[in-house]
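Here is a short briefing on selected strands and helices. Look over the fold first, then work through the points.

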Amino acid sequence: MFDSLSSKLTGAFASLRSRGKITSSDIDATCSDIRAALLESDVALTVMEPFIETIRAKSLAALPTLQSGTNQAQAIFEIVSAELIEILGGAARRVRFAKNPPTVIMLAGLQGAGKTTLAGKLAKFYADQGNTPLLVASDLQRPNAVTQLQVVGESVGVPVFAPEPGNGVGDPVKVAEQSLAHAKTKLYNMVIVDTAGRLGVDAQLMQQAIDIRNAVNPDEVLFVVDAMMGQDAVRTARAFEDGVGFDGVVLTKLDGDARGGAALSIAKLTGKPIMFSSNGEKLTDFDIFYPERMASRILGLGDVATLAEQAKKAFDGDATAKLEEKFARGDDFTLSDFLEQLEAMSKMGSMSKILGMLPGAGAMKKQIENFDESEIVRTKSIVQSMTPLEREDPNVLNGSRRARIALGAGRKVQDVNSLVDKFTAAQKMMRQMRKGGGVPPAMAQGMGIPAGMGAGIGGHQHGGQKGQQPAKKKSKSGNPAKRAAQEQG
Amino acid sequence: MGIFSKFVAKIKGESTADPLDWQVLETELLGSDLGPTLTSQIIQSAKLIKGGDALVSLTQILNEHLSAKSRTLSKSDQTTVIMVVGVNGTGKTTSVAKLAAHLKSSGSSVVLAAADTFRAAAVDQLQTWGKRVGVEVIAGKEGAEPASVAFDAATRSKELSSDYLIIDTAGRLHNKSDLMAELEKVKRVVEKTLVVAEVLLVIDATTGQNGIAQAKIFTEAVAVTGLIVTKLDGSARGGVALAIESALDIPIKFIGTGESDTDLAVFAPAAYISGLIAD
């Protein structure tokens with residue numbers, strides 16, 4: 001979502017980097033670039049002006065200490081990054097659990113912010129951690145909001161408390177109140193109250209939200225905000241803060257390309273932490289909000305931390321350990337291993353989402369968005385059409401076997417050939433890695449890790465840059481520049 | 001609305017403007033989600049106004065930024081098909097219901113197609129509205145192919161020779177190319193039976209500059225013919241709709257101002273502009 005903002009900022013910093021020695025007028029120019037970028041991003045003016053002034057002041061203050069040596073652009077880059085993290089809320093806060101269950105979470109926000117979907121995601125998130133949430137249908141306003149919550153509840157396997165049919169019938173305050181007693185008798189340890197969307201200016205409905213809050217005395221009131229929101233985010237957030245009040249913010253629709261300035265504004269002006277982010281239509285597209293990750297995303301550094309975490313979740317311990325063992329024993333990486341990896345990767349979510357988290361992803365935005373997800377399915381189907389023997393030893397794949405596989409997978413023989421060729425190349429690379437260690441630098445570059453950016457900033461460790469000695473010693477690149485780089489490494 | 005009140009006071013009054021004041025005005029325009037591009041255009045034109053009737057000149061500047069295209073719904077010889085599209089949560093289903101009520105009250109017969117087969121209970125939501133407004137709703141099962149629902153609805157409304165068919169579609173973020181392709185397919189399939197006369201993009205008034213990207217990409221996919229701006233009863237000024245008109249020449253056709261099925265108004269540019277510049 002912050003991609004456009006990050007590409008603008010990256011531009012600003014690139015021009016700063018291209019200068020040898022930075023002067024105060026360079027800083028002014030950079031600040032005005034940053035201002036323009038933030039304006040396009042819907043950051044509230046009241047938040048932006050002080051932000052720019054802080055950056056300017058801190059950068060100017062840092063200038064004299066940077067006069068000799070050191071990367072000055074880098075230092076300013078770090079100042080901006082630190083300020084962004086500060087505004088986005090410093091350290092992420094977790095939901096406060098009640099001493100005596102149930103823990104009550106109430107959702108509030110404008111119409112269409114995504115409260116009902118979020119209620120389901122939140123319930124799934126906590127159910128997966130071993131809690132027993134109960135969803136409460138207190139949106140009795142919007143036609144069939146109750147049905148929607150029931151459907152959502154069913155698909156995440158969480159019960160829904162919905163004594164009233166909705167569509168204008170029933171009292172949302174009473175439903176919320178009754179849900180508590182219900183949760184206590186049925187021993188649910190968490191209650192998530194979905195409420196109707198309401199405008200900040202609607203005094204009557206705001207009072208209703210206050211009444212619901214008073215009835216259930218929630219441990220957390222979460223304000224749900226659409227990441228696409230514009231300058232009105234500030235007025236709305238204030239209205240909700242003065243009305244029902246809230247303890248934390250949830251950003252939705254982060255999978256869009258909105259620049260999400262609203263997040264910066266709301267966090268800064270209300271001082272309330274952004275606690276969760278929601279980034280897709282699937283009920284698992286939900287995570288705790290990490291300000292430092294988001295800041296690094298804004299600055300075009302990618303979100304390696306999230307990627308690593310998801311990978312850990314998807315690649316289950318046993319399989320990974322088995323593969324490592326195999327690797328250590330000196331056994332070859334086989335097509336069966338490859339299939340396992342493909343399956344684990346599909347578990348991590350769509351390829352475009354995975355690629356989007358890599359550093360420098362902003363530059364390949366278009367390609368990433370248009371990544372053909374079914375390519376993975378096609379590749380899988382080819383491997384699945386092979387016999388166990390063929391998977392272990394692709395050398396047995398003669399013409400007739402290949403023709404059979406193509407038929408089984410519904411692909412052309414060329415597709416099978418190209419997969420086998422690619423796999424053989426990958427297998428060769430794995431063998432070399434075992435000898436030399438590390439991913440060849442050429443591959444790290446191919447992954448879009450920007451030169452000179454990976455190290456230092458934000459402290460991210462890129463696997464590809466750890467082992468610098470090239471594994472592929474025997475073949476030298478035909479490109480003179482690349483060859484020079486290889487020889488240097 | 002009066003977002004331009006300071007602006008008007010400025011150009012009405014003094015003939016010399018010190019730079020700081022223009023900055024105040026800039027702040028006000030940006031604060032209404034007009035966006036940096038349109039804001040600087042307006043300020044540039046406004047700086048040229050000298051003497052004469054400032055109010056008339058300003059109205060003219062703003063008028064120049066509005067689309068010159070027709071704001072009334074096009075009418076086909078057969079059933080007029082209106083597709084309603086937009087990102088998630090802007091109020092498409094509610095707008096479809098309001099539009100149906102609006103057309104029905106002027107004596108037209110209307111059929112609705114529940115082609116949002118993705119969001120949980122979206123079909124039920126439209127059916128509830130259909131009952132309230134008193135129009136037939138053609139629906140498939142949840143998870144059904146939206147294009148097939150739309151096709152069935154087109155066939156049915158042709159049989160009924162109803163005046164209008166309004167197709168509700170699932171909310172989709174414009175950067176999801178597969179979902180945009182699905183939308184293109186809905187339109188393509190409907191056009192095997194009936195011409196799609198209008199594609200209305202629903203824009204939430206609280207949307208910021210992303211609204212321009214939404215309008216641009218939806219237009220590339222399904223040739224948007226007009227906008228419905230919703231949630232104008234809140235504190236948002238919906239300035240992004242003006243920015244869309246100005247940047248992409250897509251006229252605002254309707255505005256939504258509440259949760260009841262009668263809270264839909266035909267967009268009146270003259271009233272809108274005088275509302276903007278009223279002190």
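Start in chain A, where A:Val249 sits opposite A:Ile274 of β7(A). This is a predicted model. That pair belongs to a parallel pairing: three bridges join β6 (residues 248-252) of chain A to β7(A).

**The sheet of chain A**
- Eight strands make an open sheet, ordered β3-β2-β4-β1-β5-β6-β7-β8 in chain A, with mixed pairing.
- β3 (160-161) and β8 of chain A are the edge strands; each has a single partner strand, so one side of each lacks a neighbour in the sheet.
- β7 (residues 274-278) of chain A is mostly covered, with five of its five residues buried.
- On pairing with β8 (residues 286-288) of chain A, β7(A) runs antiparallel over three bridges.
- In β8(A), A:Ile288 is the residue opposite A:Phe276.
- β1 (residues 103-109) and β4 (residues 190-195) of chain A run parallel, joined by four bridges.
- A:Ile105 faces A:Ile192 of β4(A) across the pairing.

**Helices across the sheet of chain A**
- α6 (residues 145-156) of chain A lies across β2 (133-138), β3 and β4 of chain A. The angle between α6(A) and β2(A) is about 165°.
- α7 (residues 172-186) of chain A lies across β1, β2, β3 and β4 of chain A. The angle between α7(A) and β2(A) is about 160°.

**Helix α9 of chain B**
- α9 (residues 210-222) of chain B has 13 residues. From first C-alpha to last it reaches 18 Å, close to the 18 Å expected at 1.5 Å a residue.
- Which residues of α9(B) are buried? They are B:Asn210, B:Gly211, B:Gln214, B:Ala215, B:Phe218, B:Ala221 and B:Val222.
- Viewed down the axis of α9(B), the buried residues fall within an arc of 140°, so they line one face of the helix.
- An α-helix has 3.6 residues a turn, so residues three or four places apart point the same way.
- The buried residues of α9(B) pack against β1 (80-85), α8 (177-190), β5 (196-204) and α10 (239-248) of chain B.
- B:Ala223 follows α9(B) and has a positive phi, near 50°.

**B:Ser157**
- B:Ser157 is in helix α7 (residues 146-160) of chain B.
- B:Ser157 is buried, at a relative accessible area of 0%.
- Beyond its neighbours within four places in sequence, B:Ser157 contacts B:Thr79, B:Val111, B:Ser162 and B:Leu165.

**An annotated span of chain B**
- An unreviewed UniProt entry places "domain: SRP54-type proteins GTP-binding" at residues 251-264 of chain B.
- Residues 251-264 of chain B are 0% helix and 43% strand, with end C-alpha atoms 16 Å apart.

Definitions and conventions: Residues numbered from 1 in each chain as written. Chains lettered and ligands numbered in written order. Predicted model: local features only at pLDDT ≥ 70, side-chain atom pairs only at ≥ 80, totals over all residues. Heavy atoms only, no water. Helix = DSSP H or I, 4+ residues; strand = E, 2+ residues; numbered from the N terminus. Expected span 1.5 Å × (residues − 1). Buried < 20%, exposed > 50% of the residue type's maximum accessible area, 1.4 Å probe, protein only. Arc of directions from axis to C-beta. Contact = heavy atoms within 4.5 Å. Pairing = 2+ DSSP bridges. UniProt positions renumbered as here; feature names shortened; annotations may be inferred. Axes fitted to C-alpha atoms, helices over the stretch in contact; angles between N-to-C directions.
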